[in-house]
Amino acid sequence: MTQAASTLDTLPRGTALIGALLGRFGLELACVDDGNPIPGSYWGDPEAGLVGDRLYATRETPLHSILHEACHWICMDPIRRERVHTDVGGDDAEENAVCYLQVLLADAIPGLGRERLCAEMDAWGYSFRLGSAKGWFEQDAEDARLWLLGHGLIDPLGHPTWRVRQSPLPPYT
């Protein structure tokens, strides 16, 4: 049986905890009242939405969705970050980096962690060559790790640096 996705509502002090985590990057968590549409949600309710430097969510928004949209914001260049509204854009390399970073950030959330996040990513429908988010992260994500390292978003040991991407250029130029 698949366990329900972790949400702001299922996490003790979820809103405060996630708000503080996103705030480390300069991203604001904006909570939407139940029954109202989520601004900037690409996939529709209950998925997180992104408009400028605000990430919108309800109590029912899955944490994998919040982390994914937040990591898009962290990984996009400053020009896109300033203008983002709903559709984050980016390329395949950046998308892979986003997925990798969201797995790393899950470890900073008590009660979530990378194992649970990967299982919830699989249940939602993320698709990876090796068949699972965990398999991809552990065995097939070196390109994503190098992308994040090249942009200064993780350190050589693979820990988040708590910075956002600054350069619009790819890390290999």
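What follows is a walk through the sheet, its helices and a few residues of a predicted model. Local features need pLDDT of at least 70 and side-chain atom pairs count only at pLDDT 80 or more, while totals for chains, interfaces and linings use all residues. Residues are numbered from 1 along each chain as its sequence is written, and side-chain values use heavy atoms, with hydrogens and water left out.

The sheet makes a handy starting point. Helices (H or I, at least four residues) and strands (E, at least two) are DSSP runs, numbered from the N terminus. Three strands form an open sheet in the order S1-S3-S2, with mixed pairing; two strands count as paired if DSSP finds at least two bridges between them. S1 and S2 stand at the edges with a single partner strand each, so one side of each has no neighbour in the sheet. On average, neighbouring strands here are turned by 30 degrees against each other, direction ignored. In general, strands of a sheet pair through backbone hydrogen bonds, either parallel or antiparallel. S2 and strand S3 (residues 54–57) run antiparallel and are joined by three bridges. Gly 49 stands opposite Tyr 56 in S3.

Ala 30 gives a view from strand S1. Ala 30 is buried, with a relative accessible area of 13%; buried means under 20%, exposed over 50%, and partly exposed in between (1.4 Å probe, protein chains only). Leaving aside neighbours within four places in sequence, Ala 30 is in contact (heavy atoms within 4.5 Å) with Arg 54, Leu 55, Tyr 56 and Ala 57. The C-alpha atoms of Ala 30 and Thr 15 are separated by 9.3 Å, with the two residues 15 apart along the chain.

Two helices lie across the strands. Helix H2 (residues 63–75) lies across S2 and S3, at about 165 degrees to S3. For these angles, axes are lines fitted to C-alpha atoms, for helices over the stretch in contact, and angles run from 0 to 180 degrees between N-to-C directions.

The loop between S1 and S2 holds Pro 46, and the peptide bond leading from Asp 45 to Pro 46 is cis, with omega near 5 degrees. Trp 43 is also found in the loop between strand S1 (28–31) and strand S2 (49–51), and Trp 43 is exposed at 58% relative accessible area. Tyr 42, Trp 43 and Trp 124 form a nonpolar surface patch with about 400 Å² of accessible area together. Patches take residues with over 30% relative accessible area and no salt bridge, joining like charges within 9 Å and nonpolar side chains (Val, Leu, Ile, Met, Phe, Trp, Tyr) within 5 Å. A salt bridge is a side-chain nitrogen of Lys or Arg within 4 Å of a carboxyl oxygen of Asp or Glu. Areas come from the Shrake-Rupley method with a 1.4 Å probe; for residues, only the protein chains shown count as cover.

Next come some individual residues. Arg 13, in the segment before H1, has a positive phi of about 55 degrees although it is not a glycine, and is exposed at 66% relative accessibility. Thr 86, also not a glycine, has a positive phi of about 75 degrees. Thr 86 sits in the loop between helix H3 (78–83) and helix H4 (92–106) and is partly exposed at 22%. Arg 165, in the segment after helix H7 (142–150), is buried at 5%. Beyond its neighbours within four places in sequence, Arg 165 has contacts including Ile 74, Asp 77, Glu 94 and Trp 147.
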